[in-house]
Amino acid sequence: MIWHIVTRELLDHLTSLRFGLTTFILVALMVTNAVGHLRTHPQRIRKYSEKVNASQTELKSRTELYALLQKGPGKLYKRPSSLAFIADGGNALLPDESVSGGFWRLYGLAYIWSMGVPRLNIEAISNLRPNTTVIDWVFITTYLLSFVPLLFTFDALSGERERGTLRLCLANSISRTALLVGKFLGSLITVLIAFYCAVLFNLAIISTGSWTQLGGADWGRVGLILLIASCYAGIFVAIGLIVSAVTRESRLSLVILLLIWVTVVVFTPSTLGTLSTEWMPPVQTHHQFQMTRGTAFDQIRSDFLNKRENLKERRQSAETSQEEVAGIDPSELEIQQEFVNRDMEMRERISRQHFAAQSAQVLHARRITRCSPAAVVQYALESMAGTGFNRHLQFLNQCRLHIQHFRNFIVEMDREDPESLHFIGVRKGMSEKPVSPEAIPIFEDKLTFQDTLNPAIMDILLLVLLLSVFLSGAFLVFLRSEV
């Protein structure tokens, strides 16, 4: 019986004008998305390759161990996602490279390279509404895949109630549960036929580009993205059936659904995201950040100068040692090592704290806006596509791991030289043996399927929960409604 109802609903929808217009609009937007991606993605890959090659060439030109430590691994670049056409993720608002911090010379000493974190444009990132100027899958899914299901369900029950066919159907052996399941599946399959048809056009065009060849993991992520989009469409099919079940006129049902759509999809994500940042304590300005770092550096420098003065006083009261005659004082090198390393650690710590405060605002805004299914599906698609804020956090974490590995490499190379005094951070205290360019650790930005799935799991489960809640609500409302 359910299959008979599904077949009837499918035939009615597939032969309607709204299905034809829906398919045409979806295909047109997906083709536009594919053409735009083929035009911009090769440029992104080319620029990324040029920057990485230039950085690696400069890095391998340093054969002195101290120069490697002092200059560091250089800039580390984020690899453009092969699925950026699915979710742009605000790439224009997020940095695509790491930065370094600290430039000073004092008493023959110089700074050690430290990893800085690029500042975020909090106001722009907190506007969590999908960018209407970027036609990606997030825009198409968030807006159209929520609006189209309402067009196919606003009169699913209220229309039959107006025509008197609903009472006739239920007078037969058809149960309300079977009727509702049939209408839900019929409407959902209709919407997904139009959406999947547009997706096939999109992927067929993108596959023709030599710069956008997708691997096995990429196709797996695309498949999961389609399931997420299908679940999102199912939520709005259920919402449409709820409103259609409680109204007696299809026109009233359409007006109510339009108001719900504008509130849930358009108004809620951006408004709550912006308001949430206003409710949180303000983050340090760039000037305040510089003042904090300057004050901390002054304290470290003051401690260094005091220790040097104390060392000079001890020298004057003690006999000259054999090392001092040779021009090398281990105590002096130890003080210098402590100074440059404390400075490096301070700069990285303050930079991490500043970025953590900025990230807290973004994450807090996302937690609040998850009351809207539109925001939830946007975050899920960004995570699975390897773009957006979660991807940026993963990139910075990879940078930190690589820098730790890079510094461990320098320490190990210095320990292998028996002639070195092993004072890391001081030119006189480190090995002077040349370093093989092939042995220098090279940063490679990687993104696995698990890296994209982990941050998306919560959003996927939330979408499934919302689908279950709204579908259960549709059953309860329809079972208690009058025909």
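Colleague: Which residues in helix 8 meet which ones in helix 9?

Modeller: On the helix 8 side they are Leu180, Lys183, Phe184, Ser187, Leu188, Val191, Leu192, Phe195, Tyr196, Val199 and Leu203, and on the helix 9 side Trp219, Val222, Leu226, Ala229, Ser230, Ala233, Gly234, Val237, Ala238 and Leu241. Bear in mind that this is a predicted model, where local features need pLDDT of at least 70 and side-chain atom pairs count only at 80 or more, while totals for chains, interfaces and linings use all residues. Numbering starts from 1 along each chain as its sequence is written, and side-chain values use heavy atoms, with hydrogens and water left out.

Colleague: What makes these two stretches helices, and what makes a pair of residues a contact?

Modeller: A helix is a DSSP run of H or I with at least four residues, numbered from the N terminus. A contact needs heavy atoms within 4.5 Å.

Colleague: At what angle do helix 8 and helix 9 pack?

Modeller: Helix 8 (residues 176-206) and helix 9 (residues 216-246) pack at about 145°, their axes 9 Å apart. The axes are lines fitted to C-alpha atoms over the stretch in contact, and the angle runs from 0 to 180 degrees between N-to-C directions. Of the residues in this contact, 17 are nonpolar, 3 polar and 1 charged. Here Ala, Val, Leu, Ile, Met, Phe, Trp, Tyr, Cys and Pro count as nonpolar, Asp, Glu, Lys and Arg as charged, and the others, Gly among them, as polar.

Colleague: Why is Arg308 called buried?

Modeller: Buried means under 20% relative accessible area, exposed over 50%, and partly exposed in between (1.4 Å probe, protein chains only). Arg308 comes out at 18%, so it counts as buried. Arg308 sits in helix 11 (residues 286-317) and, leaving out residues up to four places away in sequence, touches Tyr107, Glu332 and Ile335.

Colleague: And why is Arg163 called exposed?

Modeller: Arg163 has a relative accessible area of 57%, so it falls on the exposed side of the cut-off. You'll find Arg163 in helix 6 (residues 158-163).

Colleague: What makes Leu26 buried?

Modeller: Its 3% is under the limit, so Leu26 is buried. Leu26 belongs to helix 2, and its contacts beyond four places in sequence are Ile140, Leu144, Ala194, Phe195 and Ala198. The C-alpha atoms of Leu26 and Cys197 are 8.5 Å apart, although 171 residues separate them along the chain.

Colleague: What makes a set of residues a nonpolar core?

Modeller: The members must be buried Ala, Val, Leu, Ile, Met, Phe, Trp, Tyr or Cys, joined through side-chain atoms within 4.5 Å. The largest such core has 75 residues, and Ile86, Trp137 and Phe195 are among those with the most contacts inside it. Helix 9 contributes the most to this core, with 18 residues.

Colleague: Where is confidence lowest?

Modeller: In helix 12 (residues 322-325), with a mean pLDDT of 44, whereas helix 9 is highest at 95. That score is the predictor's confidence in each residue, from 0 to 100. Over residues 321-326 the pLDDT is below 50. Where pLDDT is low, the predicted coordinates should not be read in detail.
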